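Here is a friendly walk through one protein model. Please keep the sequence and the 3D view open as you read.

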Amino acid sequence: MDTRQRILAAAAGCGLFETGFVPMESLRFYPEVRAACESGQCGQYDRCWACPPAVGTLAECRARVLSYDGMLLFSGRYGLDDPFDLEGMRAGLVAFKDAADRLDAATAFLPGRLILANEGCGRCAVCSWPAAPCRKPRALHHAIEGYGFMVHELAAAAGMAYMGGPNTVTYFGALLFHNTPGPAQKGVSV
């Protein structure tokens, strides 16, 4: 089984809605998305280790991403009572972060992997940013938008639905990985 097959098998039990591989050559990093972070649209900018500026400059994020061989985009879709169901959206976000944690644990066979998820971290009641180092760096998942991605483009490149349908909210994350040969494929790259 090659690396991508192992990743898909691992992801299958994580409670995700969809998964798809994004061609690395299709990745675009948008300063406008980072500008939206800086303008405070989600309220996490300069407040936690998962978001800018803590994750680095856009150039640093780009270099970090492009040091990997592959990207698996993943999503979670969660039902809402109505389009304005903020409690349902928050519950979906918590469930999605749990699914990202399960994917992280299930892909422990990938050395140096990086998980990107949604909207800040939320692991600690009060983040230590910027006064002290992250208290839970192994559990930290950087915000996917903080890397300058237009998520709808990633979804299109991965062949995934961007919108989950009426009265739903869909969250996205990414697993960045290095191709590593499995035990039966030493010396083979994917």
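The report below goes from the whole chain to its sheet, its cores and a few local details.

## About the model

This is a predicted model, in which local features need pLDDT of at least 70 and side-chain atom pairs count only at pLDDT 80 or more, while totals for chains, interfaces and linings use all residues. Residues are numbered from 1 along each chain as its sequence is written, and side-chain values use heavy atoms, with hydrogens and water left out.

## The whole chain

Let us begin with the overall layout. The protein chain has 5 helices and 5 strands, where helices (H or I, at least four residues) and strands (E, at least two) are DSSP runs numbered from the N terminus. Along the sequence they follow the pattern α-β-α-α-β-α-β-β-α-β. The radius of gyration is 16 Å, close to the 16 Å that the globule rule gives for 190 residues, so the chain is as compact as a globular protein of that length. Here the radius is taken over C-alpha atoms, and the rule is 2.2 Å times the number of residues to the power 0.38. Along the principal axes, the C-alpha atoms fill a box of roughly 50 × 40 × 30 Å.

Of the 190 residues, 45% are buried; buried means under 20% relative accessible area, exposed over 50%, and partly exposed in between, with a 1.4 Å probe and protein chains only. Among contacts with a separation of 6 or more, 77% are between residues 24 or more positions apart, a contact being heavy atoms within 4.5 Å. The chain exposes about 9500 Å², and carbon and sulfur atoms supply 56% of that area. These areas come from the Shrake-Rupley method with a 1.4 Å probe, and for residues only the protein chains shown count as cover.

## The sheet

In what order do the 5 strands lie in the sheet? The order is β1-β2-β5-β3-β4, in an open sheet with mixed pairing. Two strands pair if DSSP finds at least two bridges between them. At the edges are β1 and β4 (142–143), each pairing on one side only. Strand β3 (residues 114–117) runs parallel to β4, and 2 bridges join them. Leu-116 stands opposite His-142 in β4.

## Helix α5 and the cores

Helix α5 (residues 151–158) has Val-151, Leu-154, Ala-155 and Ala-158 as its buried residues. Seen down the helix axis, these buried residues fall within an arc of 100°, so they line one face of α5; the arc is that of the directions from the axis to the C-beta atoms. They pack against β1 (18–22), β2 (70–79) and β5 (168–177). Just after α5, Gly-159 takes a positive phi of about 70°.

The largest nonpolar core has 24 residues, and Leu-27, Met-71, Leu-73 and Phe-149 touch the most other members. Such a core is a set of buried Ala, Val, Leu, Ile, Met, Phe, Trp, Tyr and Cys residues joined through side-chain atoms within 4.5 Å. Two or more residues come from each of α3 (58–66), β2, β3, α5 and β5, and the largest share, 4 residues, is from α5. A second, separate core of 21 residues includes Ile-7, Leu-16, Phe-21 and Tyr-171. Beyond four places in sequence, the contacts of Met-71 include Leu-27, Phe-149, Leu-154 and Ala-174.

## A buried lysine

Is Lys-97 buried or exposed? Lys-97 is buried, with a relative accessible area of 16%, and has its place in helix α4 (residues 86–106). Leaving aside neighbours within four places in sequence, Lys-97 is in contact with Asn-118, Glu-119, Gly-120 and Cys-121.

## Backbone details in the loops

Most residues other than glycine have a negative phi, and most peptide bonds are trans. Two cis bonds deserve a look. One joins Pro-52 and Pro-53, with omega about 0°, and Pro-53 is in the loop between α2 (31–38) and α3. Another cis bond joins Trp-129 and Pro-130, with omega about -10°; Pro-130 lies in the loop between β3 and β4.

The loop between α2 and α3 also holds Asp-46, which has a positive phi of about 60° although it is not a glycine. Asp-46 is partly exposed, at 42% relative accessible area. In the loop between α5 and β5 is Asn-167, whose phi is positive and near 55°. Asn-167 is partly exposed, with a relative accessible area of 34%.
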